[in-house]
Amino acid sequence: NENIKIERVSFKNSSLVYHDEIVYHYELDALTTKAKNVSGYFDFSTWPETTFALQGRDDRDDALLSFSGFFFTQKREYSLDFHLRNADLTHFKYYLEAAEQLNISRGKFDLDLNLSISPESVNNELDWQGKAVFYEGDAQPFFLNEIPFRKINGEVNFIKPEITLSGLNGLYEERPFQLEGLLLTQPELYFDLNITTGPVNAALLKDDLSLFMGEYKDFSIQGEVDLSVNVQGFPGAFDIQGTVTTPEIMVENLTLPNITANFLLKQEELIINSLESESSEGSVSVTGKLDWTGDSPFYHFEIETSRLSFQNPLFRQLSNLDEFSGSIDSSFLMENKKRDNENNILNLTGKFTINNPGGSGFSLPDPLKGDIKATLDLSDNVLSIEQCKLSSGKIDGFLKGNLQWAEAALIMLDWEAQVSDLAQFSSIFGLETPLAGRAQLQGKVKGSWPQPEIDI
């Protein structure tokens, strides 16, 4: 009957099936929500506008669901308000593409979300805004190569196209972390995230960072580090800028105390802006980069030491070096200029000064200065010296040959020395009968340290 007009329909203790085909076109179950114990109304008094308000419980986990707003039947204009309490993250993550990128596998959340389209909407696209509070969420973000984060709690605010993360915290490798930052969903997904964690197992951290470092991950590392990073860019094309601090860490067999490092990890390059190790036994500073854009990695490292004692933990792997005294100031360059398959062989050049040098049976009254050119084979622990010029007081020398350090240090060196004052030479080795004059000497040193054979 045309005279009959229904202005309002109210109901209670009902059920409702809601399927959203407007937001994203997933399979039917992805955006289908079934509610029970539904109460509410539809108001048609301002037709063709319909207003409504519904409240019920999720049929799966009894979460509180509230759904209200208005829509028009003859044009694409609506405003929908969702209010969820203690709802399942894995079900509702599909409503925003950026949230789906987080790859959430478990957790609960409270949500206040408005979805709307109006004649003022840009390009007649859906607008969204609101807030979400997460409880005990687990996520493996696709844009971070599915690195797992667990028990995430905190708040997220969003207004298209921005999603702001503030005060999120959880567990990374079972250690607490904090997360804040920004995600932009248009014109394409972009993120700028700050993550702080620590102390975290360095070996596990290395395994995760190796996901972004191609094939270069075949090295051992031990210890715990505090980590602060900024992750910025697009999925598949982002940079990780970070700071690492630790009281002690071991890389391969090298022990480094009191480390502070700043680095930039790009898609095919690791840049060490600074790496500082400092203690009462001296300091080490490293800068450089590792580039794996070619068929094999390319290394370039600049290393400086200051007052670095031979008793520093850095030298623990060098057999019997504890018999030496003194400290070293140095500046070295290590790189593998040739992009070939000999990834473990580095060119080494540099200058050094050993202050107060001494050892078993000898001591030098003057600093020992050197200028070296060599190659370093990391796989066999061999230093091959092409040339090394030495000077101390009135003594000038030259070395070339091989040094191998393992459980026992092996030496095979040719040497030359020009002594302009043999009296100084006598005092170095504590000779009872003093010498006078000058001399030019040459010979070989071979065998195992600390008792090699010396031929003159």
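## Aromatic cluster, strand hairpins and a buried serine

Phe11, Phe42, Phe44, Trp47, Phe52, Phe67, Phe71 and Phe82 form one aromatic cluster. The model is predicted. In total, the structure holds 16 aromatic pairs.

The charged end of Arg8 sits over the ring of Tyr41, 3.8 Å from the ring centre. Lys75 lies over the face of Phe72, and here the distance to the ring centre is 4.4 Å.

Strand 12 covers residues 221-234 and strand 13 covers residues 237-251. The two run antiparallel and are joined by 12 bridges. Within this pairing, Ser228 faces Thr243 of strand 13 as its opposite residue. Strand 13 also runs antiparallel to strand 14, residues 254-266, with 11 bridges between them. There, Ile240 stands opposite Leu265 of strand 14.

| Hairpin | Residues between the strands | Residue with positive phi | Phi |
|---|---|---|---|
| Strand 12 and strand 13 | 2 residues | Gly236 | near 85° |
| Strand 13 and strand 14 | 2 residues | Glu252 | near 55° |

Ser116 belongs to strand 6, residues 104-117. Is Ser116 buried or exposed? Ser116 is buried, because its relative accessible area is 17%, and the cut-off for buried is under 20%. Leaving aside residues up to four places away in sequence, Ser116 touches Tyr78, Ser79, Ser121, Glu125, Leu126 and Asp127.

Definitions and conventions
Residues numbered from 1 in each chain as written. Predicted model: local features only at pLDDT ≥ 70, side-chain atom pairs only at ≥ 80, totals over all residues. Heavy atoms only, no water. Pairing = 2+ DSSP bridges. Helix = DSSP H or I, 4+ residues; strand = E, 2+ residues; numbered from the N terminus. Buried < 20%, exposed > 50% of the residue type's maximum accessible area, 1.4 Å probe, protein only. Contact = heavy atoms within 4.5 Å. Phe/Tyr/Trp six-rings, centres within 6.5 Å; stacked < 30°, edge-to-face > 60°. Lys NZ or Arg CZ within 6 Å of the ring centre and 35° of its normal.
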